[in-house]
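Here is a short report on one chain.

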Amino acid sequence: MEKRRLSFWQIWNMSFGFLGIQMGFALQNANASRILQIFGADVHELSWFWIIAPLMGLIVQPIIGHYSDKTWGRFGRRKPYFLVGAILASIGLVLMPQADIFIAFLPALWVGAGMLMIMDASFNIAMEPFRALVGDNLRTDQRTLGFSVQTALIGFGAVIGSWLPYALTNWFGVSNETAAGSVPLNLILSFIIGAVILIISILVTVITTKEYSPEELDSFEDEDLHAESTVEEEGKSSLMDIFYDFQKMPTTMRQLSWVQFFSWFGLFGMWVFATPAIAQHIYGLPYTDSSSAAYQDAGDWIGILFGVYNLISALYAFALPYIAKKIGRKRTHAASLVIGGLGLLSIYIMPDKNWLIVSMVGIGIAWASILAMPYAILAGSISPKKMGVYMGIFNFFIVIPQIINALIGGPLVKYAYDNHAIFALMMSGVSFIIAATLVSKVKDVDDIVQS
């Protein structure tokens, strides 16, 4: 037996839940620093609050991957996990910008950080099974398309989430003005809308997608003979197998780990420090300003810029399978990372806020490739029975660099950069270029098989 070939729209529906996940994730990425500053966080403290995100990924994704590999019931294998994750993430989205309503019990900053933790844990619960679902359901020759469609939906969702606060204010007249310590109405409404769309999009995937049973997956084993052997499949398995699997990870995953490290080190620096960096470097505001009208305008413009790079990412994702077919996955990924690194570095020389759109085009190209190419390369090196746990372990190399950046990013901004957050973005650009140089060391198993 072999896996059935899916149509484009079947692949689209299978990943449609990512639209809502990434809409919520984009709202968080573009606005969490701004919200935390409104609640009283200093610029150099932001990365410490953001450490919650990678910590949740480090803990949650391998565990969810392990148990989703072992799950099979009336609702499927992966679907129960991303449905529960979506519900929990929606609760966090609704409550984070309204953390000040709990001020009678705890400081708003603490509650806001707690909701950030809930959102991150929940996004990770939902996200990991989606990656594994593509590996489960698609044939080897459709995996690049599958991860590219997933990337496109991530991009479209992120565009909506990133632009929503700006659109509510400038197109629908919702106020973005705020008193000290309170989040503006346009942000509160944006997060509520994001929560609703997240639930709806996940339900589309749950209702329209059929998963293969464990017996069917066993029958497809021959299709993936080139995947490296990992742990014994006989006997009982336990959560401790994660550590054994980590020890025995495929060679391709080890090589990709360094590419992922520098890619995500750069991304984290951009997400955390983009708002203060642009507010200071482009709008000319002091680093202590977190409540003026100009600061709120800068925050809304960051949403537009993040929407631009996500839109470019969504469009570029459709081109990725064709580019990869012509020049290979590795060259495609390396070139995309270089373009993204140059985009980040160019922010320093841009004369005004509108020119930053040019920088975002480069970043969007890199973002699309980061979301698709490493997973497409990795999937061919993993046994189908270990798809979930290895996708979760692969997340280590996404979250560890973020944790390191979270620990050192704030002190670097305060002491090395004299509170000029723009230099954190410059470091991110250099990190992308280092990642690009490391792609050449990766062995793409599928490419070797097809050659």
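Accessible areas here come from the Shrake-Rupley method with a 1.4 Å probe. On that basis the chain exposes about 17000 Å². Carbon and sulfur atoms supply 67% of this area. The model is a predicted one.

The chain holds 18 helices and zero strands. Of its 451 residues, 62% are buried. Among contacts with a separation of 6 or more, 84% join residues 24 or more positions apart.

| Property of the chain | Value |
|---|---|
| Buried share of the 451 residues | 62% |
| Share of contacts (separation of 6 or more) from residues 24 or more positions apart | 84% |

**Helix α2.** This helix covers residues 17-38. Its 22 residues should span 32 Å at 1.5 Å a residue, and its end C-alpha atoms are 31 Å apart, so the two values agree. There is also a kink in α2: about 50 degrees, centred on Asn31. How many of the residues of α2 are buried? The count is 22 of the 22, so α2 is largely enclosed by the rest of the structure. Buried here means under 20% relative accessible area. Just after α2 comes Gly40, with a positive phi of about 120 degrees.

**A nonpolar patch.** Which residues make the nonpolar surface patch of about 460 Å²? They are Leu185, Leu189, Ile192, Ile193, Val196 and Ile200. Ile200 belongs to helix α8, which covers residues 185-208. An α-helix has 3.6 residues a turn, so residues three or four places apart point the same way.

Conventions
Residues are numbered from 1 along each chain as its sequence is written. This is a predicted model: local features need pLDDT of at least 70, side-chain atom pairs count only at pLDDT 80 or more; totals for chains, interfaces and linings use all residues. Side-chain values use heavy atoms; hydrogens and water are left out. Helices (H or I, at least four residues) and strands (E, at least two) are DSSP runs, numbered from the N terminus. The expected span of a helix is 1.5 Å times one less than its number of residues. The bend at a residue is the angle between axes fitted to the seven residues ending there and the seven starting there. Buried means under 20% relative accessible area, exposed over 50%, partly exposed in between (1.4 Å probe, protein chains only). Contact means heavy atoms within 4.5 Å. Patches are made of residues with over 30% relative accessible area and no salt bridge: like charges are joined within 9 Å, nonpolar side chains (Val, Leu, Ile, Met, Phe, Trp, Tyr) within 5 Å. A salt bridge is a side-chain nitrogen of Lys or Arg within 4 Å of a carboxyl oxygen of Asp or Glu.
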